Amino acid sequence: MRIPLLSKLAITPFEILGDHAEKVKECAWIFQQAMECHVTLKCESFDELQNEVVKLEIEADAIKHQIRKHMPSSFLLPVDKYQFYYYLKEQDLILDAVIDALAWVDYMDRPAIPLDLEKDFFLLVDAIIDPVEELTRMVKEAEKYFRLFSDKQREVVQEIIRTIRQQEYQANKVEEKIKQQVFRLKNDPLTVYHTVRLAEKIGVIADHAENACDMMRAMIIR
């Protein structure tokens, strides 16, 4: 009989991983606000929001270090510890991608996004928020699975994984649409380059969410 050893621990690594996922989700929400602020020109708090993202990234780093410091020996984990670390790395890279996208936005004077593409950029930002939000739920449900090893609970996690992969696919479609449209607009080369790279940098956020869920899938099917 397989014994869920993690259930013997007061706090499991997956619970702390959930705390990290919450910080990632908060960061994504602020990223959404910052993009709206920048594009609409109706607020002056872009710098403050950008600084808030950096603050959350620092807090998430503290949680990441806590996980690494207090990680039990591999025989206490029901998963390969390197898979666990790889999952944490991908979840953490979402924060780096958000910071990178905001920095890229800030390189250009406002407004940095062509007026004809504003709606699509809002759709793209909304599209990458969805899979990031789902990560928090996935980690919570995975923590339950690794306590109980229930086939029913594993299916719950697998369904969330399928949802995240579909959401990433939808985000990729919006990204590609923006990249196609920008070349049809009569903008200067600098604006075209900046717009294409911005769409790609925002899309990377959803890519890392999908990478994380792929690693979660590898952990739960062992």
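T136 is buried, at a relative accessible area of 2%. Buried stands for under 20% relative accessible area, exposed for over 50%, and partly exposed for what lies in between (1.4 Å probe, protein chains only). The model is a predicted one: local features need pLDDT of at least 70, side-chain atom pairs count only at pLDDT 80 or more, and totals for chains, interfaces and linings use all residues. Residues are numbered from 1 along each chain as its sequence is written, and side-chain values use heavy atoms, with hydrogens and water left out.

T136 sits in helix α4, which covers residues 118-148. Helices are DSSP runs of H or I with at least four residues, strands are runs of E with at least two, and both are numbered from the N terminus. A polar atom of the T136 side chain lies 3.5 Å from the backbone oxygen of A21. Apart from residues up to four places away in sequence, T136 touches A21, E22 and K25. Contact here means heavy atoms within 4.5 Å.

E141 also belongs to helix α4. The relative accessible area of E141 is 14%, so E141 is buried. The side chains of E141 and Q153 are joined by a polar contact of 2.6 Å. A polar contact is a pair of N or O atoms within 3.5 Å; within protein, one must be able to donate a hydrogen and the other to accept it, and residues adjacent in sequence count only if both atoms are side-chain atoms. With neighbours within four places in sequence set aside, E141 is in contact with Q153, V156, V157 and I160.

F149 is found in the loop between α4 and α5 (151-182). The phi angle of F149 is near 55°, a positive value in a residue other than glycine. F149 counts as buried because its relative accessibility is 17%.

Helix α4 also packs with helix α3 (residues 81-106). Their axes come within 11 Å and cross at roughly 150°. Axes are lines fitted to C-alpha atoms, for helices over the stretch in contact, and angles run from 0 to 180 degrees between N-to-C directions. The two helices, α3 and α4, are therefore roughly antiparallel to each other. Angles under 35 degrees count as roughly parallel, over 145 as roughly antiparallel, 65 to 115 as roughly perpendicular, and the rest as oblique. The crossing of α3 and α4 is left-handed. From α3, the contact is made by Y87, Q91 and I94; from α4, by V132, L135, M138 and V139. The residues of this contact divide into six nonpolar, one polar and no charged. Nonpolar covers Ala, Val, Leu, Ile, Met, Phe, Trp, Tyr, Cys and Pro; charged covers Asp, Glu, Lys and Arg; the others, Gly among them, are polar.

Helix α1 (residues 13-40) packs with helix α6 (residues 189-220) at an angle of about 160°. Their axes are 14 Å apart. Helices α1 and α6 are therefore roughly antiparallel to each other. The crossing of α1 past α6 is left-handed. A crossing is left-handed if the near helix is turned anticlockwise from the far one by less than a right angle, and right-handed if clockwise. Helix α1 contributes F14, F31 and M35 to the contact, and α6 contributes L198, I202, I205, M216 and M219. The contact of α1 with α6 holds eight nonpolar residues, no polar and no charged.

D214 lies in helix α6. D214 is partly exposed, with a relative accessible area of 30%. D214 and Q158 are 56 residues apart along the chain, and their C-alpha atoms are separated by 10.0 Å.
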